[in-house]
Amino acid sequence: ATDLANRTGRTIRAYQIDLTDAAMVATLIADVTNDFGGIDIVINNGGGPPPGPIAGVDTDVVEKQFRPMVLSQLEIANAFLPGMRKNGWGRILIISSSGAVQPIPGLGISNTLRSSLIGWAKTLATEVAKDGVTVNAIMPGRIHTDRVDSIDANASKKQGVPVEEVVKASHATIPAGRYGSVDEFSKVAAFLVSDCAGYVTGGSIRVD
């Protein structure tokens, strides 16, 4: 935040939040409202849940993950939506996963909950489009992040093979033969929340 403020001369503030804590979500909304009056762009991005199959999954685990991955994100978006509609301009972007359309083996909870966010986004998009507010989802494939490194390390441990072999096998399933970069992903996200994408809504755009 300090770096961005120094480079842009704009007011930048970072907030610390635990999306599993409803009280912290409420505090975040209040703080942002107090500091900025409202915001025009909401990008919803929650951490990934524990990996594993969906068959026989402990429903308590699913319920626990539902708060940060779905409920908290809806609460934040809904808090600032009225201001967007009043101003006639707004952007809501859901960071989802390609697993929401083609389930990724071993990521059962993620596939399930991210699909619910897609349904919410598409439904909301039809309700607020006339007010100049767009609602889209961006669905990354294997973008090289710490999360992907963690998944590969977990697979390496389970399979009893070096992580390099896991990565090589994963690359072999990708037409480009490599993981995507954060930069390649973020440029698509930036487009979707810009003026250029004013007639793009209700979409699930894949970057994979």
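Contact is taken here to mean heavy atoms within 4.5 Å. The structure described below is a predicted model.

**Packing of H5 and H6**

Under that criterion, Asp152, Ala153, Ala155, Ser156 and Gln159 of helix H5 meet Val163, Val166 and Val167 of helix H6. Sorted by class, this contact holds five nonpolar, two polar and one charged residues. Helix H5 covers residues 146-159 and helix H6 covers residues 163-172; their axes lie 8 Å apart, at an angle of about 115°. The two helices, H5 and H6, are therefore roughly perpendicular to each other, an assignment for which angles of 65 to 115 degrees qualify. The crossing in which H5 passes H6 is right-handed.

**Packing of H3 and H4**

The crossing of H3 and H4 is right-handed. On the H3 side, the residues in contact are Val61, Val62, Gln65, Phe66, Met69, Val70, Gln73, Leu74, Ala77, Asn78, Leu81 and Arg85. These meet Ile109, Ser110, Leu113, Arg114, Ser116, Leu117, Trp120, Leu124, Glu127 and Val128 in H4. The contact of H3 with H4 divides into 14 nonpolar, five polar and three charged residues.

**Individual residues**

| Residue | Relative accessible area | Class |
|---|---|---|
| Ile17 | 29% | partly exposed |
| Asn111 | 10% | buried |
| Thr134 | 3% | buried |

With residues up to four places away in sequence set aside, Ile17 touches Met24, Val25 and Leu28. The C-alpha atoms of Ile17 and Thr27 are separated by 8.9 Å, the two residues being ten residues apart along the chain.

Beyond its neighbours within four places in sequence, Asn111 is in contact with Gly99, Ala100, Pro103 and Ile104.

Not counting residues up to four places away in sequence, Thr134 touches Gly90, Arg91 and Ile92, together with Leu192, Ala197, Gly198, Val200 and Thr201.

**The chain as a whole**

The secondary structure of the chain comprises seven helices and four strands. Read from the N terminus, the elements follow the order α-α-β-α-β-α-β-α-α-α-β. The radius of gyration of the chain is 18 Å, close to the 17 Å that the globule rule gives for 208 residues, so the chain is as compact as a globular protein of that length. Along the principal axes, the C-alpha atoms fill a box of roughly 55 × 35 × 35 Å. Of the 208 residues, 37% count as buried. Among contacts with a separation of 6 or more, 73% are accounted for by residues 24 or more positions apart.

Notes: Residues numbered from 1 in each chain as written. Predicted model: local features only at pLDDT ≥ 70, side-chain atom pairs only at ≥ 80, totals over all residues. Heavy atoms only, no water. Buried < 20%, exposed > 50% of the residue type's maximum accessible area, 1.4 Å probe, protein only. Axes fitted to C-alpha atoms, helices over the stretch in contact; angles between N-to-C directions. Parallel < 35°, antiparallel > 145°, perpendicular 65-115°, else oblique. Left-handed = near helix turned anticlockwise from the far one by under 90°. Nonpolar A, V, L, I, M, F, W, Y, C, P; charged D, E, K, R; others polar. Rg over C-alpha atoms; globule rule 2.2 N^0.38 Å.
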